[in-house]
Amino acid sequence: MNDALSMRRILRAMGAILLMLVCLPAGAGNQVEEALASRVQNSLHRSVSDYPAPHLVFATDGEGLAWLADMSSRLASKMPDWPTRRNFLVTVQYEATRAGLDPQLVLGLIQHESNFRKYAVSGAGARGFMQVMPFWVRQIGDGGHDLFTLRTNLRYGCTILRHYLDIEQGDLYRALGRYNGSLGRSEYPTAVLGSMKRYWSWSLLSPTAAAEIGHDGIKTVN
């Protein structure tokens, strides 16, 4: 009886530790909820409600596979599972491009916001990879949208950042400040752009190197 009780206590403790690890707090700020004009609200609603299947958007397949292989190697330590990592990267590249954003910027933002933790929750309540505040679901989505779902989180995050960039007439520093809820301060934009430059900057490989990338996005070794 004592052994069974001890085992139950151990299992409960392990469960509590696992829950803490899954929902580790993130360092996101607090996006400010603002009233949206009807036309803006409708436009954003259409954007987050349309869910075409994500795919790599590049001029050529070779360029896309070269990007995927390079980004995959950088992300492997944080997402060891290849199918999960591939799905994540394809979705990031698709959603960023769809919103008119640089995918490398979105990767830098995700690293700074959640460090690639799907279930990250900030002290302000922001959720998921891109730390989206729940009020956005009420404003532009519907009750069926789960911000811990990969495609939903990235769709909202990229749509919101694009919205802020439009408000700020292309001023990325101010748009990032709005995204973080720290408009007027330089710390957050500087950190995100620094992360983008240090860890995620990318340029197309030479044709020879690109030819060594397999159809699955993995570089072949002779």
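The model is predicted: local features need pLDDT of at least 70, side-chain atom pairs count only at pLDDT 80 or more, and totals for chains, interfaces and linings use all residues. Residues are numbered from 1 along each chain as its sequence is written, and side-chain values use heavy atoms, with hydrogens and water left out.

**Overall fold**

- The chain holds 10 helices and 2 strands. Both kinds of element are DSSP runs numbered from the N terminus: helices are H or I with at least four residues, strands are E with at least two.
- From the N terminus on, the order is α-β-α-α-α-α-β-α-α-α-α-α.
- The chain has 222 residues, and 42% of them count as buried. Buried means under 20% relative accessible area, exposed over 50%, and partly exposed in between (1.4 Å probe, protein chains only).
- Among contacts with a separation of 6 or more, 63% join residues 24 or more positions apart. A contact means heavy atoms within 4.5 Å.

**Helix packing**

- The axes of helix 4 and helix 7 are 9 Å apart, at an angle of about 30°. Axes are lines fitted to C-alpha atoms, for helices over the stretch in contact; angles run from 0 to 180 degrees between N-to-C directions.
- Helix 4 and helix 7 are therefore roughly parallel to each other. The classes are: under 35 degrees roughly parallel, over 145 roughly antiparallel, 65 to 115 roughly perpendicular, the rest oblique.
- Helix 4 passes helix 7 in a right-handed crossing. A crossing is right-handed if the near helix is turned clockwise from the far one by less than a right angle, and left-handed if anticlockwise.
- Residues making this contact include Phe-88, Thr-91 and Val-92 of helix 4 and Leu-150, Leu-154 and Cys-158 of helix 7.
- The axes of helix 7 and helix 8 come within 8 Å and cross at roughly 130°. Helix 7 and helix 8 are therefore oblique to each other. Their crossing is right-handed.
- That contact includes Gly-157, Ile-160 and Tyr-164 of helix 7, and Leu-172, Ala-175 and Tyr-179 of helix 8.

**Helix 8 in detail**

- Helix 8 spans residues 172-180; its buried residues include Ala-175, Leu-176, Gly-177 and Arg-178.
- Cover for these buried residues includes helix 5 (103-113), helix 7 (150-167) and helix 9 (187-200).
- At the start of helix 8, a side-chain oxygen of Asp-171 comes within 3.2 Å of the backbone nitrogen of Tyr-173.
- Gly-181 follows helix 8 and has a positive phi, near 75°.

**Aromatic pairs**

- The structure holds 8 aromatic pairs. Rings of Phe, Tyr and Trp (its six-membered ring) pair if their centres lie within 6.5 Å; planes under 30 degrees apart count as stacked, over 60 as edge-to-face and the rest as tilted.
- The ring centres of Phe-88 and Phe-129 are 4.9 Å apart and the planes stand at 55°, so this pair is tilted.
- Phe-88 lies in helix 4 (residues 82-98) and Phe-129 in the loop between strand 2 (121-122) and helix 6 (135-140), so the pair ties together parts 41 residues apart in sequence.
- Phe-88 is buried at 1% relative accessible area, and Phe-129 is buried at 5%.
- The ring centres of Trp-136 and Tyr-164 are 6.2 Å apart with planes at 75°, so this pair is edge-to-face. Trp-136 in helix 6 and Tyr-164 in helix 7 are 28 residues apart.
- Trp-136 is buried, with a relative accessible area of 2%; Tyr-164 is buried, also with 2%.
- Phe-88, Phe-116, Phe-129 and Trp-200 form one aromatic cluster.

Definitions and conventions: A polar contact is a pair of N or O atoms within 3.5 Å; within protein, one must be able to donate a hydrogen and the other to accept it, and residues adjacent in sequence count only if both atoms are side-chain atoms.
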